[in-house]
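Have a look at the structure first, then read on.

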Amino acid sequence: MGERCSWCGTDPLYVAYHDDEWGVPEWDSRALFEKLLLDGFQAGLSWYTILKKRDNFRAAFDGFDPHKMAHYADKKVETLMNDAGIVRNRAKILASITNAQAWLDYEAAHG
């Protein structure tokens with residue numbers, strides 16, 4: 001490992017993100033979808049906040065499976081709104097469902 005950027009400090013979670021993910025090309029479709037959604041949840045917050053909640057997001061959003069997420073109904077939205085382990089913002093949750101539907105449409109058209 002070369003010199004580490006100062007922004008990640010010494011916190012093991014942020015250091016691991018810096019060393020293993022930040023600036024590293026990602027080719028896995030599911031991982032890219034996860035990053036897209038987490039970036040949306042990050043708006044107005046710090047990335048570190050999202051990293052600390054990432055495992056909770058994965059559990060709450062069915063591993064970021066767009067096939068499942070595209071069919072989330074009102075009951076699931078309410079469950080997510082009551083999950084203290086994630087960012088509970090209705091607009092961001094609804095956008096994630098819409099993004100799952102768009103992701104599937106794009107994959108169907110372009111692979």
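## A buried arginine

Arg-54 is buried, because its relative accessible area is 12% (buried means under 20% relative accessible area, exposed over 50% and partly exposed in between, worked out with a 1.4 Å probe on protein chains only). You'll find Arg-54 in helix α3, which covers residues 47-60. Helices here are DSSP runs of H or I with at least four residues, strands are runs of E with at least two, and both are numbered from the N terminus.

Before going further, a quick word on the ground rules. This is a predicted model, where local features need pLDDT of at least 70 and side-chain atom pairs count only at pLDDT 80 or more, while totals for chains, interfaces and linings use all residues. Residues are numbered from 1 along each chain as its sequence is written, and side-chain values use heavy atoms, with hydrogens and water left out.

So who does Arg-54 meet? Not counting residues up to four places away in sequence, Arg-54 touches Glu-21, Glu-34 and Leu-38 (contact means heavy atoms within 4.5 Å).

## Salt bridges

How many salt bridges does the structure hold? There are seven, where a salt bridge is a side-chain nitrogen of Lys or Arg within 4 Å of a carboxyl oxygen of Asp or Glu. One of them joins Arg-54 to Glu-21, with the closest N and O atoms 2.8 Å apart. That pair links distant parts of the chain: Arg-54 sits in helix α3 and Glu-21 in the loop between α1 and α2, 33 residues apart. Glu-21 counts as partly exposed, because its relative accessibility is 22%.

Next up, the side chains of Arg-30 and Glu-34 meet in a salt bridge of 2.6 Å, N to O. Arg-30 and Glu-34 are four residues apart in helix α2, so about one helical turn separates them. Arg-30 is partly exposed at 35% relative accessibility, whereas Glu-34 is buried at 4%. Arg-30 and Glu-34 also belong to a network of salt bridges with Asp-55 and Arg-58.

Then there's Glu-78, which forms a salt bridge with Arg-90, the closest N and O atoms being 2.8 Å apart. This pair also links distant parts of the chain, with Glu-78 in helix α5 and Arg-90 in helix α6, 12 residues apart. Glu-78 is partly exposed at 36% relative accessibility, and Arg-90 is partly exposed with a relative accessible area of 36%.

## Rings meeting rings

Now for the aromatic side chains. The structure holds 11 aromatic pairs. Rings of Phe, Tyr and Trp (its six-membered ring) pair if their centres lie within 6.5 Å; planes under 30 degrees apart count as stacked, over 60 as edge-to-face and the rest as tilted. Phe-33 and Trp-103 make a tilted pair, 5.1 Å centre to centre with 50° between the planes. This pair connects distant parts of the chain, since Phe-33 is in helix α2 (residues 29-42) and Trp-103 in helix α6 (residues 90-110), 70 residues apart.

Elsewhere, Trp-7, Tyr-14, Tyr-17, Trp-22, Trp-47 and Tyr-48 form one aromatic cluster. Tyr-48 belongs to helix α3 and is partly exposed, with a relative accessible area of 24%. Leaving aside neighbours within four places in sequence, Tyr-48 is in contact with Asp-11, Leu-13 and Tyr-14.

## The nonpolar core

In soluble globular proteins, nonpolar side chains tend to be buried together. A nonpolar core is a set of buried Ala, Val, Leu, Ile, Met, Phe, Trp, Tyr and Cys residues joined through side-chain atoms within 4.5 Å. Here the largest nonpolar core has 28 residues, and Phe-57, Phe-61, Phe-64, Met-69 and Ile-93 touch the most other members. The elements giving two or more residues to this core are α1 (12-20), α2, α3, α5 (74-81) and α6.

Which residues does Ile-93 contact, leaving aside its neighbours within four places in sequence? They are Phe-41, Phe-61, Val-77, Leu-80, Met-81, Ile-86 and Val-87.
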